[in-house]
Amino acid sequence: MSKSKDSMKVTRRSVLAGTAATTGALMFGGVAPLHFIRNAHAQEFPGDPGNNSSIVLGFNVPQTGPYSDEGADELRAYELAVKHLNGEGDGGMLNTMQPSELQGNGILGKKVEYVTGDTQTKSDAARSSARRMIERDNVAMVTGGSSSGVAIAVQSLCQEMGVIFMAGLTHSNDTTGKDKRRYGFRHFFNAYMSGQALAPILEDEYGNDRKAYHLTADYTWGWTQEESIRDATENIGWETVETVKTPVGAGDFSQYLTPVQDSDADVLILNHYGNDMVNSLTQAVQFGMKERVANGKDFAIVVPLYSRLMAQGAGEAAKGILGTSNWHWSLQDEGSQAFVKSFGQEYGFPPSQAAHTCYVQTLLYANACEMAGTFAPWEVIRSLEGFEFDGMGNGPTLYRAEDHQCFKDVLVVRGKANPESEFDILEVVQQVPRSQVEYPADKWGGELGPYKPGE
Amino acid sequence: MINANLASPRQDLIYMLVFSAVILTMPLWLQPFGAAYPGLLQKFMIFGILAIGYNLLFGLTGYLSFGHAAFLGIGSYAAVWSFKLLSMNVIPAIIFGTVMSGLFAVVVGYVCLRRAGIYFAILTLAFAQMAYNLAYSVLTPITNGETGLQLSQQDPRILDRMFGIEATSSLPFPNLFGITSAGFYGFYICAAVMIIVFFIALRIFRSSFGLKLRAIKSNQTRMSYTGYNTRPFLMTTFVISGMYAGLAGSLMAVTDPLAGAERMQWTASGEVVLMTILGGAGTLIGPLLGAGIIKYFENIFSAFNENMLMDAFSFLPDWMAEGVAAFLGLFVGDGWHLTLGLVFMLIVIFLPGGMMEGLQRIWKLIRHGRHKRDHQSKSQQASAEEA
């Protein structure tokens, strides 16, 4: 009796061994579930639509967090771009883009569909959202983002997975500098360009003898913008008194603003964006910094990266503040007008610069596919590299092959003193020509990597 | 539900086999839910491991730690550094990540376990916030700040060089002796680890050590009066729990070789508490369920948009479909936090024992129904079974 009981007894060892064996067997024999992935049939590259009648794009934008306003506007622009590509609506920039092979019948005759995701302005969340798009929804291209940290993280993921990433709003030098990738493309301008465009205007406005105090968002974009603006302003003779890093999404900036008043600075440079900029600027104005006189000069506030959405959020505080912008809806060229018109008809208000860059990126990708005659990413990359185009705002533009950065005119803008409407808050001070903001492609090092992943 | 201490080893074997089968077939049965893609499956496993480990501490001893994300982050950073310095093989990375978190847990535990209850929670929260801020700015040379620690072409990778593994022009990816840890392979690596650590958790639950931990939870003072020094037990559990979190963190790096400071933020610590409570603290499977649900909401609900809703309700007349889509639109997409909040409230109010309590109630209902049917013929046997 006891003998049979012993033989029945299950020991810890046998449990472990059994489990391990099952695991092993299933792990190496059981990769079968790969058959069950949608569209897994003979794909030559990720996102290959095969014989499907539609192509899927992935719009990965911040829907929650400090940059959610920009994200919402980006999403509107993407939806509009999809409509125009599919031949619905008035066609927007499809009519003004040159050269263009887009006909309003989708991309390569396939109807454009899309999936969306929330980046939460966090690298982890953005990457898992992008992976869902690539692994589950079989997207041919991922685009979006309103933070350089996120853009860089998603860009390197896209390189690993072999899917093209058309960056949305990302302004850090690193995106197409030291962290550039073969599969990443940026239409938006960068911090270096802001500095080069802004410095001469600052010199005219405030003179050569100024002391600047920087408050900087503590991540890749803030760092590179601070560096670029500091270099540019020091070139015109300004002195940098202090640079202070502030956490993203801080909300209350008073603890960082008090030391500004105790220093001998006479210019405050806010390297903030989104809600952070709205908060820091509003609070700086509440501290009376606009009326302040320091070193016998009027105290000045500068926001190097400016957008209409932010100026709208800051309201009164934004009046008279100088900064740069990638694009503004009041531009009079044909492309901008067409875009503003169809965006306005759709949503009832003008688009932001974030919306503009996202819309343009989608069209550029679609056009590159048409030019390449395929969705195969390495071919699409080749047709985007060195592509020159016009009619999309900002004048003639080049997608530089060496670092996948667009070169075009940069706008210096100022908060309007007497706005005519709630959207008419910024005035374009100067459209700085492209030649003034160019730089060599190897300025920050970095490598693009191979055309095909794993090569 | 298997009673914690009365389950025989044979029952445990069956339990483990069923569990392993369920885990390993996830890519099949999650297909209809739209969750069977490697990225999310890996997350299920990783956060499952984190929640199981957390439950060892919170579920058994009742010590509410609000700083587990710090261990997760340390595990990730350690694993990425192992990839950079030693080898792209996942084994050293996992070991390195787990051990580093364990060491950190010893330090944190030594300080925090001097207090119980809310004070313990606050102390762990403070430690985690410290770790987060260090990783975010002070230790930027080690952690690369907000951008996150990434692999690069120039990494030394000493062991790989020694064994003559040539670098390609694209960035290398972690692998298990040549099998890449991307995609479904990554999921199976995580699943194998999950099954092993689940078995360890099961053994802890069944052991006399586990019983002592439960005794600490029910009445620590009485426990001390009976002559037990509770501190070593708590310390051991805390370190084990921290190592589970470190393991989860290193697996995050294995499936996606990047470590960012935001992983250590207090919201991430709060998330694992939510997972455990949502699923059922103190149960074996509960935390896993909770982790699955939260990750599902985060990844699937946030991806719905109005267009998809309109498609789903296209069978309704237009005006109605628009209304329904607009209303439901509040709860999906950027509103996924709202849905999660509602679900969490409902569960805490109506099922304080988490989803496991719900499942048990359903199970009882079914059994009860069956009893009624069988009552006429087999009333005696049924009551004997019940006993």
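Predicted model: local features only at pLDDT ≥ 70, side-chain atom pairs only at ≥ 80, totals over all residues.
How far apart are the centres of domain 1 of chain A and domain 2 of chain A, taken over C-alpha atoms? They are separated by 29 Å.

Residues are numbered from 1 along each chain as its sequence is written, while chains are lettered from A and ligands numbered from 1 in the order in which they are written.

Back to the domains, whose bounds come from an automatic or database domain assignment. In chain A, domain 1 covers 54-189 + 329-408 and domain 2 covers 192-325. Between them, 18 residues of domain 1 of chain A contact 19 residues of domain 2 of chain A; contact here means C-beta atoms, placed from the backbone, within 7 Å. On the domain 1 side, α3 (68-85), α5 (148-161) and α12 (353-372) of chain A each supply at least two residues. Helices (H or I, at least four residues) and strands (E, at least two) are DSSP runs, numbered from the N terminus.

Chain B has its own division, with domain 1 at 9-278 and domain 2 at 304-376. Their C-alpha centres lie 30 Å apart.

Now please look at helix α6 of chain A, residues 191-206. This helix bends by about 30 degrees at Leu198(A), and Pro200(A) follows within four residues. The bend is the angle between axes fitted to the seven residues ending there and the seven starting there. Among the buried residues of α6(A) are Met193(A), Leu198(A) and Tyr206(A); buried means 20 or more other C-beta atoms within 10 Å of the residue's own, exposed means 12 or fewer, and partly exposed is in between, with C-beta atoms placed from the backbone. Their cover includes α7 (220-235) and β8 (267-271) of chain A. After α6(A) comes Gly207(A), with a positive phi near 85 degrees.

Next, a loop residue. Phe423(A) sits in the loop between β16 and β17 of chain A. Why does Phe423(A) count as partly exposed? Because it has 18 C-beta neighbours inside 10 Å. Leaving out residues up to four places away in sequence, Phe423(A) touches Arg308(A), Phe349(A) and Pro350(A). Arg308(A) is 115 residues away along the chain, yet the two C-alpha atoms are 7.4 Å apart.

Last, the sheet. Five strands of chain A form an open, parallel sheet in the order β2-β1-β3-β4-β5; strands pair if DSSP finds at least two bridges between them. At the edges are β2 (111-118) and β5 (184-186) of chain A. Thanks, everyone!

Terms used
Contact = placed C-beta atoms within 7 Å.
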